[in-house]
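Let's take a walk through this structure together, one stop at a time. Have the viewer open and follow along as we go.

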Amino acid sequence: MGMASMSSGSESLRLCVFDLRRGQHEGQELDKILFFYPPDLTFSTQLSVIGLSEGLITFTRLFSPDAACEVIEAERHSHVFYEAEPDIWMVMVVEKNKEIEAVWRIDALRRVLKEVHSLFVMFQGSIRALLEKEPTGGLIRSHLYPFITDYLNDLFVGKKHQLPSFRETLTERGTVQMLTLARDAALEVQSLVGVLDSCAGTVRCHSVILFHDLLVSTTLSPDDTVDVFAFSVMRLTTNALSSGTSSWSYLRKGSVTPQISSRSTSVLPLGSGGTLPSGNGSSTGRVIRPLQHDKWSKGKDGFLVTDIWGIDATPTILIQKTQERFYLLTYQYKSLTLVLLVPTAAIVNGELDISFVKQQVIENASAKILKVEEKLSKGWGGENAYHVSGYRYLLVDNDMEVSRASPPGKVATLAKESLLALNKLREEVDTEKGRSKQEKDMEICIRAKNNTWVIARLNRGKELYMALEKASETLLDATDSVQRFSNRYCSGAFSMD
Amino acid sequence: MATSDSSSSPSSSGTEFADPNPSTDPETNSERVQSQLESMNLSQPSEVSDGSHTEYSGGDDDDDVASANGNEGGVSNGGLVREGVAGTSGEEEMEVSLRVENPVEMEAGEEPPSPTSSGYDGERGSSGGATSTYKADDVSEDEIREANVDGDTASQHEAAWLPGKRHVDEDDASMSWRKRKKHFFILSNSGKPIYSRYGDEHKLAGFSATLQAIISFVENGGDRVNLVKAGKHQVVFLVKGPIYLVCISCTDETYEYLRGQLDLLYGQMILILTKSIDRCFEKNAKFDMTPLLGGTDAVFSSLVHSFSWNPATFLHAYTCLPLPYALRQATGTILQDVCASGVLFSLLMCRHKVVSLTGAQKASLHPDDLLLLSNFVMSSESFRTSESFSPICLPRYNAQAFLHAYVHFFDDDTYVILLTTRSDAFHHLKDCRVRLEDVLLKSNILSVVQRSIAEGGMRVEDVPIDRRRRSSTTNQGQDTAVPDVSVGTGGPFGLWHFMYRSIYLDQYISSEFSPPVTSHRQQKSLYRAYQKLYASMHVKGLGPHKTQYRRDENYTLLCWVTPDFELYAAFDPLADKAMAIKICNQVCQRVKDVENEVFLQGASPFSW
C-alpha cells in the first residue's frame with residue numbers, strides 16, 4: 001500500500017502531471033493522471049502519489065489560499081510541487097541519499113519542472129488547451145509522454161537520472177548565459193540582426209544568435225529567450241549536434257543516451273487500452289516528439305534539418321509574449337547558431353515560402369555571418385573564458401533572466417563541504433526571497449567549518465553567490481574580495497558604497 | 001484557591017458543544033483532504049468517531065482563563081516578563097500549611113483515577129472580564145494576519161500577554177482560526193485531539209483526524225513527513241511514539257526552530273505526565289488524554305509565548321540573574337547543603353533566571369528541563385498561592401519517572417524548587433526551605449535579588465569605546481578617522497543588542513533591550529532574526545560554521561562560534577563592518593570581565 005515500493009528498484013525519481021479538475025468522482029481517479037514517470041508503476045502506486053499531493057494541496061489551501069503546497073519534506077524523499085497551469089500540477093518525488101550525493105535544492109528541482117513545462121508549451125501549446133481540444137485526455141497524454149521522457153533522458157547518466165544536486169549549486173537553470181562582446185563585434189552583430197529581422201520581407205522576424213552555447217543576441221522577450229535558448233543548447237548548437245561528446249555548457253553536461261527508443265512512441269503511459277476512459281489517441285494522429293534525440297543535422301545549405309515534424313516540414317513554436325506561432329529556422333556556420341523565427345501568419349505558401357526566406361538569409365546575411373563568426377572566434381576565450389582566478393561564483397540577473405558562472409571544471413575543484421555549505425546558503429536565500437514580494441537587498445557571509453567563505457549578495461534583482469576557499473582569515477578580507485569582484489565584473493552592482 | 005475538582009465539573013457557562021462535524025465549507029474544508037486520501041483507497045479510515053464528544057463530561061469549556069486584573073506583563077529586563085499574577089491573594093495564603101493538591105501519583109502504566117491527576121491546578125476560576133484584557137493582544141502578539149496590510153500600526157500595543165487559551169469559540173471552519181499565524185496541535189496517533197493552541201479541541205476532532213491521516217499516509221509509504229511548505233506557511237510534524245505534534249505557522253521562523261518548539265511542547269507534556277502515557281496508548285489506542293491535561297492551558301500557552309521572547313528556547317542554555325560572585329557562591333553553598341540531605345536538585349530562581357542551582361552528585365540538569373520546569377512553575381497559579389509538593393517529570397533527566405517538586409515562592413519573583421525522588425519528603429523539604437529562607441533573609445540575598453531585577457543586566461550602552469585600544473583590538477589596524485560613535489541609537493557604532501553563550505557552562509547572557517529595539521514587536525522580530533542566524537550557523541551535518549555576517553534592511557548581524565563561546569550581535573543595518581567586528585571583540589572582552597557575576601561558575605558538576 002502507499003508508497004512502499006518507492007525505495008525498490010534503482011530508479012529514485014518520480015514525476016507526475018495531473019489535473020485537479022478531472023476525475024472528481026469515485027472510481028474515476030485515474031482520469032486525473034496526465035503523465036507518470038516511471039510509467040510501469042502500478043496504478044495504485046501512481047494514485048497514491050497523486051492522492052497525497054492532491055490532499056496536501058487542498059489542506060494547505062485552508063491556511064494559504066493563494067499559495068498551495070510547494071514542497072513536502074519527508075525523512076527519505078522530497079516532493080516538489082509546481083502548478084504549471086491553473087489546476088494542472090507537476091510533482092517530482094526524489095529520494096534523498098547523502099551517500100550518493102542526492103542533496104538537492106528544492107528551487108533547483110522546481111526549475112526543472114518549470115523548464116520542461118515551458119518547453120512543452122513552446123512546442124505544443126498549453127496543457128489545458130490540449131485537454132479542451134480532446135476532453136478524454138488521450139491527446140495530451142500522447143503528447144506529454146514522449147516529451148517529458150525525451151527531456152528526462154537528457155538527465156540520464158549511467159542508469160540514473162542526474163538531477164541538479166548541490167554540485168550544481170553555482171548554476172541557475174532557466175536563465176541564459178551570455179557572451180560578452182567587444183564593441184566592434186557588437187556592432188557587427190547588430191547589423192546582422194537587422195538583416196535577419198527583415199529577411200521575410202515586410203513581416204518582422206525574430207532572431208536568437210548563439211556562439212557555442214552562449215547567447216550573442218536576441219530580439220525576443222527574456223521569457224521567450226530563455227525557452228528558445230534552452231532548446232537550442234539542448235538540440236541545435238554545435239555542441240548539441242555533436243551529441244555524445246560532452247558539452248561544457250553550464251547546465252547540460254554528460255552524454256546523451258537515448259532511452260526512449262526502447263519504447264514506441266505510440267505506447268501510452270497508462271497501459272494499453274481498455275482500462276482508460278479515454279480513447280487511446282486514435283484520433284490524435286501522429287505524435288510529434290520535439291525533444292527527440294539525434295534528429296537534427298546540418299543540411300547542405302547551412303540550415304539544420306530534421307524529420308521530427310515530417311519530411312521537409314519546418315517546426316513551429318509558440319511565443320509566449322504575443323501568443324503567436326513562428327516557424328523555427330536554424331542556420332549554422334561553424335560555432336555560430338542563428339535561430340530565425342518567422343511568423344506563421346506571414347507564410348502563405350508553406351514550405352515554398354520557407355525556402356524563399358532561407359534563400360534570402362543566405363543571399364543577404366552570409367557575408368555578415370562570416371564576419372561575425374570571425375570576430376567572435378577571435379575574441380573567444382574558450383571554455384574557461386569566464387573563469388576568475390581565486391573565485392567560484394554565480395551571478396544572476398533576475399530581470400534579464402541571465403546568469404554567468406565559473407566554468408564547471410573550476411567549480412569541481414571546490415571541496416564537497418564548501419559546495420554543501422553554499423547549497424545550504426542558497427536554500428536560505430531562496431526562503432528569504434520567497435517571503436518578501438519586493439526585491440531583497442541582503443548580504444550573507446559565512447565562514448564554514450572548513451574555513452571556506454560562502455557568500456550571497458542580493459541587490460536590486462541581481463544575485464551573487466560565491467565560494468572563496470583561499471581567502472585569508474578575516475571577514476574583511478572576504479568582503480574586500482567580493483568588492484573587487486563586484487567592481488571589476490559587475491560594474492559595482494554589489495559594492496557597498 | 002480553586003480545587004482541581006472544579007475544572008472537571010460541567011461548566012454552566014452555556015458554552016455549547018459544537019456540531020461534531022463542523023464542516024461548513026465543502027470546498028476547502030479539511031474533511032475534503034481526508035476524503036481525497038480516502039478516495040484513493042489509501043488512507044486509513046480515521047478512528048475519530050463523531051460521537052467522541054460524549055466522552056467528555058466537561059473539561060475545557062472555560063470561556064477564557066485570562067485573569068481579570070490585567071496587570072501582568074510589560075516589557076522589562078530583556079523580554080516580556082509576567083509579573084504579579086494574582087499577587088495579593090498569593091501573599092495572604094503564603095503561610096497556608098501543607099496542601100498537597102490531589103496527591104495522586106501516576107505510576108508508570110497506571111491509568112489516572114482523576115482528570116487532573118497531574119496533581120496541580122492550572123489557571124481556573126478567574127474568568128471575569130477577560131474579554132477586555134486581551135484585546136490588545138489580538139493585534140500585537142497573536143496573530144491574525146492582517147490581509148494586505150503589513151500593518152506595523154499595531155506596534156504600539158505593548159502586548160499585555162496573558163496566559164491561557166484564547167479563541168476557544170473557533171474551529172477549522174472559522175476564517176479567523178485559519179488566519180492565526182501559528183497553530184500548535186497535539187494529537188494521538190488515532191487522531192484524537194489532545195491540545196490545540198486555538199479553538200476548542202472537541203470541535204477540532206475532524207481537523208485532527210486529517211492531520212493524523214496525512215502523517216499515517218506517508219508512514220504507510222515507509223517514510224515520515226517532516227515539513228510541508230506552502231507560500232509563507234510551514235506545516236511541521238513531529239512524531240513521538242503515539243503522540244503526534246503539528247505546528248502550522250506563517251511566522252517566518254526556521255523549520256529547525258519550529259521543530260524544536262514542538263519538541264519543547266512535547267517535553268512540557270512529559271513534564272506533567274511522564275512518558276508512561278505511551279503505555280496508556282498501548283493498552284487502548286483510543287485513549288483520551290485531554291482530561292489528564294485539564295487545566296494546563298496556561299502552561300502550554302506560556303511556553304508557546306516564550307518561543308517568541310525567551311532565547312533559551314533556541315539556544316538550549318539557561319541564563320542567570322546577575323549577582324555579586326560572593327553572594328551567588330554563598331547561595332550555592334546552602335543549596336549544596338540541601339542536596340547533601342538527599343535532595344536531587346535545589347534551585348533558587350528569579351522568574352526564568354537562575355540565582356543558583358546545585359545537583360546531587362552525578363546528577364545534571366539539562367537547560368531544556370530547566371526551561372520547562374520554570375515555565376511550569378511560573379505559569380501555574382497554584383504554586384504562588386501556597387507551598388506545593390507536586391509530581392513532575394524532567395524529560396531529559398528521566399522521561400519515564402516522576403520526581404517530586406517542592407516549590408515555594410519567597411516573593412512574586414523569587415522561588416525555590418527542590419526536587420526529590422521520594423514521595424514522602426514533603427516535611428523534610430519544608431524544613432530545608434525554612435533553613436534556606438533563614439539564611440537568605442539574614443544575608444539579605446532576597447533584597448539583592450530584587451535590586452538586580454530592578455537594575456537589569458548588561459546594556460549595550462555600557463560597552464566601552466576604548467579608542468586607545470583600537471589598533472590592538474583589531475588586527476586590521478585601520479587607523480582612519482573614527483566614524484561618529486553615535487551612529488543611530490543603542491550602543492557604540494550602532495550596536496543594538498547581543499547574546500553571549502558560554503558553551504562550557506551551558507549558559508547565556510543577553511543584553512537588555514535598548515532603543516531602538518523597544519517595542520515587543522521589534523524585540524520579537526530581533527529574536528526571529530537571531531533564530532535564523534542560529535539555525536544557519538548550526539546546519540545539521542555541516543555546522544557549526546565559524547563566522548557569519550548578515551545584513552538586510554532590518555539589521556546587521558554578526559555571529560561567532562568558537563569552541564568556548566558563541567556570540568550573536570545585532571547592529572544598525574548601516575553599521576560599518578570593521579567597526580562592528582571591533583565592537584564584537586569588545587563585547588566578548590566585557591563579558592569575560594564580568595563573567596563571575598553573570599554566570600553561575602562551575603559550582604556543581606554539570607556534565608551533560
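Apart from neighbours within four places in sequence, Leu328(A) is in contact with Thr314(A), Pro315(A), Thr316(A), Ile317(A), Val339(A) and Leu341(A). Leu328(A) itself belongs to strand S13 of chain A, which runs over residues 324-333. Is this residue buried or exposed? Leu328(A) has 23 C-beta neighbours inside 10 Å, so it counts as buried, the cut-off for that label being 20 or more. For a sense of scale, pick out Ala478(A) as well: Leu328(A) and Ala478(A) are 150 residues apart in sequence, and their C-alpha atoms are 47 Å apart in space.

Before going further, please keep in mind that this is a predicted model. Its scores are ipTM 0.88 and pTM 0.82. Chain A has an average pLDDT of 85, with 88% of the residues scoring at least 70. Residues 1-10 of chain A have a pLDDT below 50, and the model gives this stretch 22 contacts beyond near neighbours in sequence. Another such stretch of chain A is residues 244-284, where pLDDT stays under 50 and the model has 75 contacts beyond four places in sequence. For chain B the mean pLDDT is 74, and 68% of the residues reach 70 or more. In chain B, the pLDDT is below 50 over residues 41-143, a stretch with 235 contacts in the model beyond near neighbours in sequence. Residues 145-159 of chain B are also below 50, and there the corresponding number of contacts is 21. Where pLDDT is low, the predicted coordinates should not be read in detail.

Now for the overall layout. Chain A is assigned three pieces: domain 1 (4-164), domain 2 (171-246 + 300-381) and domain 3 (392-489). Between the centres of domain 1 and domain 3 of chain A, taken over C-alpha atoms, there are 31 Å. Chain B is divided into domain 1 (4-14 + 29-83 + 116-146 + 155-309), domain 2 (325-455) and domain 3 (460-598). Here the centres of domain 2 and domain 3 of chain B are separated by 33 Å, again over C-alpha atoms.

An unreviewed entry places "domain: FUZ/MON1/HPS1 first Longin" at residues 182-303 of chain B. That span is 40% helix and 26% strand, and its end C-alpha atoms lie 13 Å apart. The annotation "domain: FUZ/MON1/HPS1 third Longin", also from an unreviewed UniProt entry, covers residues 494-594 of chain B. Residues 494-594 of chain B are 35% helix and 30% strand, with 22 Å between the end C-alpha atoms.

How do the two chains meet? In the model, 53 residues of chain A are in contact with 49 residues of chain B. On the chain A side, at least two residues each come from H1, strand S3 (71-74), helix H10 (416-435), strand S17 (442-447) and helix H11 (475-489). H1(A) makes the largest contribution to that side, with 13 residues. By type, the chain A residues that touch chain B divide into 25 nonpolar, 10 polar and 18 charged. Strand pairing also crosses between the chains: S3(A) pairs with strand S5 of chain B (residues 225-230) in the antiparallel sense over four bridges. If you want a pair to click on, Glu73(A) has Leu227(B) in S5(B) as its bridge partner.

Let's finish with some backbone details. Most residues other than glycine have a negative phi, and most peptide bonds are trans. Against that background, the peptide bond from Tyr37(A) to Pro38(A) is cis, with omega near -5°. Pro38(A) sits in the loop between strand S2 (33-37) and helix H1 (43-63) of chain A. Chain B has a cis peptide bond from Pro515(B) to Pro516(B), with omega near 10°, and Pro516(B) lies in the loop between strand S14 (507-510) and helix H19 (520-537).

Positive phi values turn up in chain B too. Arg351(B), a residue other than glycine, has a phi near 50° and is found in the loop between strand S8 (345-350) and strand S9 (353-359). Arg351(B) counts as partly exposed because it has 17 C-beta neighbours inside 10 Å. Asp506(B) has a positive phi near 60° and is placed in the loop between strand S13 (495-502) and S14 of chain B. With 20 C-beta neighbours inside 10 Å, Asp506(B) counts as buried.

Technical notes
Residues are numbered from 1 along each chain as its sequence is written. Chains are lettered from A and ligands numbered from 1 in the order in which they are written. This is a predicted model: local features need pLDDT of at least 70, side-chain atom pairs count only at pLDDT 80 or more; totals for chains, interfaces and linings use all residues. Domain bounds come from an automatic or database domain assignment. A residue is buried if 20 or more other C-beta atoms lie within 10 Å of its own, exposed if 12 or fewer, and partly exposed in between; C-beta atoms are placed from the backbone. Two residues are in contact if their C-beta atoms, placed from the backbone, lie within 7 Å. Ala, Val, Leu, Ile, Met, Phe, Trp, Tyr, Cys and Pro count as nonpolar, Asp, Glu, Lys and Arg as charged, and the others, Gly among them, as polar. Two strands pair if DSSP finds at least two bridges between them. UniProt positions are given in the numbering used here, feature names are shortened, and annotations may be inferred rather than shown by experiment. pLDDT is the predictor's confidence in each residue, from 0 to 100.
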